[in-house]
Amino acid sequence: MIIGIDLGTTNSAVGVFRDGKAELIPNSLGHFLTPSAVSLDETTGEVITGLAARERQSTHPELTATAFKRYMGSNRVTRLGKKDFTAEELSALVLARLKSDAEAWLGQPVTEAVITVPAYFNDKQRKATRRAGELAGLKVERLLNEPTAAALAYGIHELGDASRFLVFDLGGGTFDVSVLEIFEGIIEVRASTGDNRLGGEDFNDILCEEFRRTVGKDVPEKDRSDPLLRERIRHAAERARRALTDGPSATMSVTWKDKTYERQVTADDFEALAAGLITRLRDPVLRSLRDANLRADELSEIILVGGSTRMPLVRRAITRMFGRFPANAVNPDEAVAVGAAVQAGLKARDVALKEVVMTDVCPYTLGIAASDQDANGRWLPATLSPIIERNTVIPASRVQYYANSSANQRVVDIPVYQGESRNLSDNIELGKLEVPIPAGPPGSVHIEVRFSYDINGLLEVDVHIPKTGERRELVIADEAVKSDADFEKRRAVLAALKQHPRDADTNKAVMARANRCYEESLGNDRQFIAGEIQLFEGALERQDPRDIEQARTRLSEVLDRFEGETWL
């Protein structure tokens, strides 16, 4: 049995696809949402998860952890009592609870799962999520991006007409934006971006700061740093934020040492305090549209996902951004889990689901460290040289060409990075290759570096030295992935992509035809065809399948007008 899991910052949920539909699975309390909270009983040492753990946060803060999803993939350790936990270990405890609830409800063992992650999670965060699933006793069939899951919940896989959607996913701790297009049974993610440090918790924090700035100054100074007081203020902020969803004002009330401190907050106050956060929501939206090469008015719908999109100030901001109201056909708290269940059904090949092809994109740029020369011939410090750029449709394979930078260099180091900054230290190093090269003057030894990347985060780095025929390979994947039975099949799929677009038969045929037309023409016609050939060659060098298809179609149409349609 395969289940779908939304592992959230604030709440998590689990679902299954059966009897022709996706169903959410209730926990032992009958709730569909399980708080992503872990606590330790101070007397027995028993681990408590879910609602009972969250309720202990304001009374036992030193024994309770929440919002740990924000630290997935990091070395941060959370101490509960006398025990230390990483974020993936805490997440594994939540996943184990969801697995147990699913088994109790389904009446059968659960061994496999599709787990959702923010689209903007990097390689380390994704690997940590997969390890958390393994620790919970689950074979992680696939990591599914949360906006893509929301699209499946919305049902765009069942729509017949070509449509474009923007998924605006604001959860408790992360923010994702994805632009998706559906056509002929294919769901294609055009662009994904976001902010892994922006969510409902940040809106809570500004209310906490306002409380401390105003009535909090009346609390005795020696008490202001007390963890128990801090959690009581945070709890009051959460309640006030939720109250402002349905009302014009709310009261933050905290009782501390027999004294009650209160702060009235209006919706207008909250919106003014949150202005900086609302501004931060705009940038990923604009970037996603720019990367997808779309205008806002070309979108069919804006789909809201994540409990934090219930806030009126967020909905007003979205309406202002797009000049129209967003869709509300799905429950924003449950959409991702429902979509994960649909994906689980697709993985299990449920007969009730028609075949759907989903493509996704690489959320971060992948590249290597490389140096350039300045105008005086001096070598500059190494910066990121992109090979697969963010929002490239995957699986994908791209190649770039480099050369040796110093005389008599015998070895070239090729560090592999993930990120967007030119500054290497701001990116994540995924691995490194050392490749022997023959000695020679600078620029005399050519180096081909190919990256091949698939939808589950498998990255293959192939380096070829044409002068010697030397080849080296680096495979970057989680150990759990490498041991999977389908690992070699996935590598075979990537191997089929390792062909430069100029060598594809369709492109070679069009180029041969264009060159023949050039040779057969004279004067202005010859110059015109030469210009069109250059445009096509430029698209081939960019290695973007969408660009190449458009350029090939354009060149073919030009040649048809020049000499009539091709014949066989």
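Predicted model: local features only at pLDDT ≥ 70, side-chain atom pairs only at ≥ 80, totals over all residues.

Let me begin with a question: by about how much of the helix are Lys99 and Glu103 separated in helix H2? They are four residues apart, so the separation is about one helical turn, where helices (H or I, at least four residues) and strands (E, at least two) are DSSP runs numbered from the N terminus.

Residues are numbered from 1 along each chain as its sequence is written, and side-chain values use heavy atoms, with hydrogens and water left out.

Lys99 and Glu103 form a salt bridge, with the closest N and O atoms 3.0 Å apart; by salt bridge I mean a side-chain nitrogen of Lys or Arg within 4 Å of a carboxyl oxygen of Asp or Glu. Lys99 counts as buried at 15% relative accessibility, whereas Glu103, at 23%, counts as partly exposed. The cut-offs here are under 20% relative accessible area for buried, over 50% for exposed, and partly exposed in between, with a 1.4 Å probe and protein chains only.

By the salt-bridge rule the count comes to 34. One of them pairs Glu88 with Arg131, whose closest N and O atoms are 3.1 Å apart. This pair links distant parts of the chain, since Glu88 belongs to helix H2 (residues 87-106) and Arg131 to helix H3 (residues 123-135), 43 residues apart. Glu88 is buried, with a relative accessible area of 17%, and Arg131 is partly exposed, at 31%. A further salt bridge joins the side chains of Glu298 and Arg295, at 3.8 Å from N to O, and Glu298 counts as partly exposed at 26% relative accessibility.

Now to the backbone. Most residues other than glycine have a negative phi, and most peptide bonds are trans. Which two residues are joined by a cis peptide bond? They are Ile394 and Pro395, with omega about 5°, and Pro395 lies in the loop between strand E21 (393-394) and strand E22 (396-403).

Lys257, with phi near 50°, is found in the loop between strand E15 (249-256) and strand E16 (259-266), and at 52% relative accessibility Lys257 counts as exposed. Asn408, with phi near 60°, sits in the loop between E22 and strand E23 (411-418), and Asn408 counts as exposed as well, at 56%.

Finally, the largest pocket, in which about 1200 Å³ of space lies. On a 1 Å grid over the protein atoms alone, a pocket is an open set of points where a 1.4 Å probe fits, with protein on both sides within 12 Å along at least five of seven lines, and lining residues have an atom within 4 Å of a point. Grid points are joined across faces, edges and corners, and the volume is the space filled by probe spheres set on the points.

Which residues lie nearest the centre of the largest pocket? Of the 43 lining residues, they are Thr392, Arg398, Gln543, Asp544 and Pro545. Helix H15 (residues 545-563) gives the largest share of the lining, seven residues.
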